[in-house]
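Here is my note on the model below. Please read the points against the coordinates.

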There are 2 protein chains.
Amino acid sequence: MKSALEARFRELCAEHGLAATHQRLVLFEVLQSMTGHPSPEEVYARVRKRIPSVSLATVYKNIHVFIESGMFREVSPHHGSLRVEVNELPHHHLVCVVCKSISDIDEWELGLLKKPKRLSDGFLVERYAVDVLGRCAACQEKS
Amino acid sequence: MKSALEARFRELCAEHGLAATHQRLVLFEVLQSMTGHPSPEEVYARVRKRIPSVSLATVYKNIHVFIESGMFREVSPHHGSLRVEVNELPHHHLVCVVCKSISDIDEWELGLLKKPKRLSDGFLVERYAVDVLGRCAACQEKS
DNA sequence: TTCGCTGCAAAGGTTTTGCATCGGA
DNA sequence: TCCGATGCAAAACCTTTGCAGCGAA
């Protein structure tokens, strides 16, 4: 018998024109079973337990496929490489989910942003991601 | 004569116990003169114009030194490797600026977070970073 | 049967590290 | 003078890519 999860997976694949391969099904189930913010290596290790011959490249490719299909998100909406913040004024960021370009938005301007979905520069707002920055309990103890 | 910027740089170095080397001064001035969110390679290219013999390793090392000293910030508080978001409920993130660990905070819980500086799990809140996610004008035209 | 998917290995890009030398305090 | 900073080259990651063979539709 097929699980409800597998049925849901096949549905999503059909919806996005994806082949429902065994590797993808296992990857999907593994991701659903994980908590936190797993890295590709961690996911790979889990998938490998069920498909020892799976390749890391396949895991990477399909994580991207899933993200592009909207089946999962990635934690950081930013580019992969280090970027230096050279604007010292309080501000936040507009991040394009397609090209990953980043532009600044003043703090006060963000405050006005409750309703409008499209900004004056044409940026179409989809959602907000808030990072609360600080020090975790463990790091406070160490210092 | 020394510029005000150089004086400020020497002050900051003294404050953080750093040697005020020529390379660091130039890096500092270059960063101050840039806009946007430059990558280490872009910064390196600019520094190189003034110190052709500078190494990329030195630029990397000192960008980190500056970030650790609080002289500059990095754009993404959790850059590094790809992480998959497996929590489908609306939530945001608590990011430790020291160890970069990420934990989830419910959307409703974030709403209550106007005043408290320390959360029940010991996390000490320093600031917020908001990413407004969406599509930039250019990417909307392309699709 | 067909086209997309997989595994493999190699390449590519980014960042870090070890070490001898140099130079700021 | 002395310890930290630099430059170089190599290594260490992380991720992507090319390609031959495989398998879902």
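1. Sugar and phosphate make up 78% of the atoms of DNA strand D that come within 4 Å of the protein.

2. Conventions. This is a predicted model, in which local features need pLDDT of at least 70 and side-chain atom pairs count only at pLDDT 80 or more, while totals for chains, interfaces and linings use all residues. Residues are numbered from 1 along each chain as its sequence is written, chains are lettered from A and ligands numbered from 1 in the order in which they are written, and side-chain values use heavy atoms, with hydrogens and water left out.

3. Thr58(B) places a polar side-chain atom 2.9 Å from a phosphate oxygen of DNA strand D. For a polar side-chain atom of Arg24(B), the distance to a phosphate oxygen is 3.0 Å.

4. Helices here are DSSP runs (H or I, at least four residues), numbered from the N terminus. H4(A) has the largest share, 5 residues.

5. Which residues come nearest to DNA strand C? Of the 20 around it, they are Gln23(A), Thr58(A), Leu82(A), Tyr60(B) and His64(B). A side-chain N or O atom of Arg24(A) is 2.9 Å from a phosphate oxygen. For His64(B), the corresponding distance to a phosphate oxygen is 3.4 Å. Lys61(A) reaches a base oxygen, at 3.1 Å from a polar side-chain atom. H4(B) gives the most to the surface near DNA strand C, with 5 residues.

6. Symmetry. Chain B can be laid on chain A with an RMSD of 0.4 Å, by a turn of 179 degrees and a shift of 0.0 Å along the axis. The two copies are thus related as by a two-fold rotation axis. The superposition is by least squares on C-alpha atoms of residues with pLDDT of at least 70 in both.

How values were computed: A residue is near a molecule or strand if one of its heavy atoms lies within 4 Å of it. A polar contact is a pair of N or O atoms within 3.5 Å; within protein, one must be able to donate a hydrogen and the other to accept it, and residues adjacent in sequence count only if both atoms are side-chain atoms. Helices (H or I, at least four residues) and strands (E, at least two) are DSSP runs, numbered from the N terminus.
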